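Biologist: Can you put the model up? I would like to go through the fold and then some side chains.
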Amino acid sequence: WDDFERLWASRGIERFKFQLRQYDNHTILDIGRFDSWDDLAVRQLDPKGDLDFWVGRYMTERGTFPTPIIVATNSEGLTHPRGMPMPARLLIEGHRRLGMLRGLLALDFPGVQAMHSVWELTLPRDCFAPPHSSEHG
């Protein structure tokens, strides 16, 4: 949450629009992100491993997220608060949950649900326009 608040709250957050959607596993795998936590499932399931966190336990037992992740769906051509160009569908919040689910899918883990709740976020484009852009919207 700290990163979300620090990076996104000053970017017109009062104009962010959220809609709860259901994503299938193919769409889950298509979500862009700047970092990867996809090894979490392997680490959580390793009996000799030291990783044991409540999200991993929840997801291996129920096959989906405990709470929806947040994905920007209109982000292509916009600039991330850290300065990188954003892909069309970008993970904003829920990196560990997405990594855990992707890892479970890669492992063909039994019990992974077919559909998952996701908050789709529509960003105010003028608050994320690339430098020297005159785009408004």
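**Strands, cores and salt bridges**

Modeller: Ala 72 stands opposite Leu 121 in S4. Keep in mind that this is a predicted model.

Biologist: Which way do S2 and S4 run, and how many bridges join them?

Modeller: S2 and S4 are parallel, joined by four bridges.

Biologist: And S1 with S4, parallel or antiparallel?

Modeller: Antiparallel, over eight bridges, with S1 covering residues 17-24. One of the pairings is Gln 19 with Glu 120 in S4.

Biologist: How much of the chain counts as buried?

Modeller: Of its 137 residues, 38% are buried. The chain exposes about 7900 Å², and carbon and sulfur atoms supply 50% of that area.

Biologist: What share of the contacts join residues at least 24 apart?

Modeller: 76%, taken among contacts between residues at least 6 apart in sequence.

Biologist: On to the inside. Which residues have the most contacts in the largest nonpolar core?

Modeller: Ile 28, Ile 31, Met 59, Phe 65, Ile 69, Val 71 and Val 118, in a core of 15 residues. At least two residues of this core come from each of helix H4 (54-62), strand S2 (69-72) and helix H5 (95-106). H5 gives the most, with four residues.

Biologist: What does Phe 65 touch?

Modeller: Leaving aside residues up to four places away in sequence, Phe 65 touches Ile 28, Tyr 58, Met 59, Arg 97, Leu 98, Leu 101, His 116, Ser 117 and Val 118. There is also a second, separate core of 13 residues, which includes Phe 4, Leu 7, Trp 8 and Leu 78.

Biologist: Arg 97 is on that Phe 65 list. Buried or exposed?

Modeller: Arg 97 counts as buried because its relative accessible area is 9%, under the 20% limit. Its side chain meets that of Glu 93 in a salt bridge, 2.7 Å from N to O. Glu 93 has 23% relative accessibility, so it counts as partly exposed.

Biologist: How many salt bridges are there in the whole structure?

Modeller: The search finds five. Another one is Arg 21 with Glu 120, where the closest N and O atoms are 3.2 Å apart. This pair links distant parts of the chain, since Arg 21 is in strand S1 and Glu 120 in strand S4, 99 residues apart.

Biologist: What are the values for Arg 62 and Glu 61?

Modeller: Those two form a salt bridge as well, with the closest N and O atoms 3.7 Å apart. Arg 62 is partly exposed at 43% relative accessible area, whereas Glu 61 is exposed at 60%.

Biologist: Last topic, the surface. Which residues make the nonpolar patch of about 280 Å²?

Modeller: Phe 18, Leu 20 and Trp 119 make that patch. Trp 119 lies in S4, which spans residues 115-122.

How values were computed
Residues numbered from 1 in each chain as written. Predicted model: local features only at pLDDT ≥ 70, side-chain atom pairs only at ≥ 80, totals over all residues. Heavy atoms only, no water. Patch = residues over 30% accessible without salt bridge, like charges linked within 9 Å, V, L, I, M, F, W, Y side chains within 5 Å. Areas by Shrake-Rupley, 256 points an atom, 1.4 Å probe, with all protein chains shown as cover. Salt bridge = Lys/Arg side-chain N within 4 Å of Asp/Glu carboxyl O. Core = buried A, V, L, I, M, F, W, Y, C linked by side-chain atoms within 4.5 Å. Buried < 20%, exposed > 50% of the residue type's maximum accessible area, 1.4 Å probe, protein only. Contact = heavy atoms within 4.5 Å. Pairing = 2+ DSSP bridges.
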